[in-house]
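Okay, thanks for coming, everyone. Let me put the structure up on the screen and then we'll walk through it together.

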Amino acid sequence: MSPTLLGIIGILVLVVVIFSRMPVAYVMTLVGFVGFALQVSPEAAFKLLSRDFYSVYSSYGLTIIPLFIFMGQIAFNAGISHRLYDSAHMMVGCYRGGLATATVCACTAFGAVCGSSPATAATMATVGLPEMKRFGYADELATGSVAAGGSLGMLMPPSVVLIVYGILTEQSIGTLFVAGIVPAVFMTIMFALAIYVYCLVSPKQGPACEFHPWRERLGSLVHTLDIMLVFVVVMLGLFLGWFTPTEAGGVGAAAVLLVALFRRQLTWAGFVKSIYETLRTSCMVLLLVAGATVFGHFLAVTRITFDVANWVAAMDMPGYMVVAMIVLVYLIGGCFIDALALIMLTIPIFYPIILDLGYDPIWFGIIIVLVTQMGVITPPVGINVYVVNGIAGDVQLEKIFKGAMPFLLALIVGTGLIVVFPQIALWLPNLMY
């Protein structure tokens, strides 16, 4: 059996077993392990399994996940998230889908702090889902906005994906970070428009409340000053270099805990529940990441990505058609392979093609991130969807994917506009440098 055929069979088996409702992390790990054993050897598969799980669970960079999840759990169990969403509801709740829009904006800001898509989705799901449900939002919009909003953490600086791209292509990481700011804000606006249109078509998804005068709206912000101060300190500390993103998670978690204790809103039972939920959610997210890593390594040895990339490179087409084909490869590959693994596999092949066609490498880096964003909310391996599903619990996986579809369309339209108008990504770096 050829490696490519084995890879295709592995993908089909993955899809079939996922629909049997077996936990996704187990499915990815099992299919990746068996496929690697068939392609290489059982001994190599066992070594791969131990190495990948050890590398994920011993990764210092991933310690950011339990820290920010703990911060979100403390905020929820101490009632801090209630105050934040009460204020958000007062400010924008009179508009259909206003709370979902506020959640997407919070995901963008949070992504600027942690730079991790699963961590952003997990933290905002912990905080946002119970609150949107409290105000009568449908499961589809609530879960879809969190899963899609979490993907903005891949684009908003400091972005891990942009760092890896800059290292692989020897481009300035600072320039890439600056180039990611305007597209991140642009995609946030696109998501807000998607929510608005979704609620026009289906008003029950995000019901509007009564209109509040501006005096009451501004007055509601007073009750959020302490937690907003924590957020500003974490953001400033990160951007001014006082601490790393992981240290920012520790500072944020400690600060939120102090706020909860100072207000005397956190009970012992709530503290224990926060630790338990942090442990449960963190293990779930890390197991998903580990499973995706194993499955990605299996696809790497089948050389599916290389075959498709070489096929695109060999086609005699106009430049814009080549770019469209490359985008399609990333869109399909992102459904099955972790974003970082996909970029490391394909950039050495596609990057020289982009340079030969005369396209800007900074612009191409932003396009790559936007397309890999689509992969975290598309089936069968949309990792953000599974993270939200694990936290939501009672919400079916199909509903979350359905709720993410308007945001996928927004991503496709937004990416198309940045392809047609590259100055959306290049204006700010050209201005600054």
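So, which residues touch the most other members in the largest nonpolar core? Those are Met 187, Phe 191, Phe 364, Ile 377 and Val 387, in a core of 122 residues. Keep in mind that this is a predicted model. If you want to know which helix gives the most to that core, it's H10, residues 173–201, with twelve residues. There's also a second, separate core of six residues, and Phe 36, Ala 37, Ala 45 and Leu 48 are among them.

Leaving out anything up to four places away in sequence, Val 387 touches Pro 118, Ala 121, Ala 122, Met 284, Val 285 and Leu 288.

Now, a helix pair. H2, residues 24–39, and H14, residues 268–302, have axes that come within 8 Å and cross at roughly 25°. Angles under 35 degrees count as roughly parallel, so that's what we call H2 and H14. Their crossing is left-handed. On the H2 side the contact includes Val 24, Phe 33 and Phe 36, and on the H14 side it includes Leu 287, Phe 295 and Val 301. What kinds of residues make it up? We get 14 nonpolar, six polar and no charged.

Last stop, Ala 100, which sits in helix H6, residues 98–114. Is Ala 100 buried or exposed? Buried, with a relative accessible area of 0%. Beyond four places in sequence, Ala 100 touches Met 132, Tyr 137, Leu 141, Ser 145 and Ile 195.

Methods: Residues are numbered from 1 along each chain as its sequence is written. This is a predicted model: local features need pLDDT of at least 70, side-chain atom pairs count only at pLDDT 80 or more; totals for chains, interfaces and linings use all residues. Side-chain values use heavy atoms; hydrogens and water are left out. Helices (H or I, at least four residues) and strands (E, at least two) are DSSP runs, numbered from the N terminus. Buried means under 20% relative accessible area, exposed over 50%, partly exposed in between (1.4 Å probe, protein chains only). Contact means heavy atoms within 4.5 Å. Axes are lines fitted to C-alpha atoms, for helices over the stretch in contact, and angles run from 0 to 180 degrees between N-to-C directions. Angles under 35 degrees count as roughly parallel, over 145 as roughly antiparallel, 65 to 115 as roughly perpendicular and the rest as oblique. A crossing is left-handed if the near helix is turned anticlockwise from the far one by less than a right angle, and right-handed if clockwise. Ala, Val, Leu, Ile, Met, Phe, Trp, Tyr, Cys and Pro count as nonpolar, Asp, Glu, Lys and Arg as charged, and the others, Gly among them, as polar. A nonpolar core is a set of buried Ala, Val, Leu, Ile, Met, Phe, Trp, Tyr and Cys residues joined through side-chain atoms within 4.5 Å.
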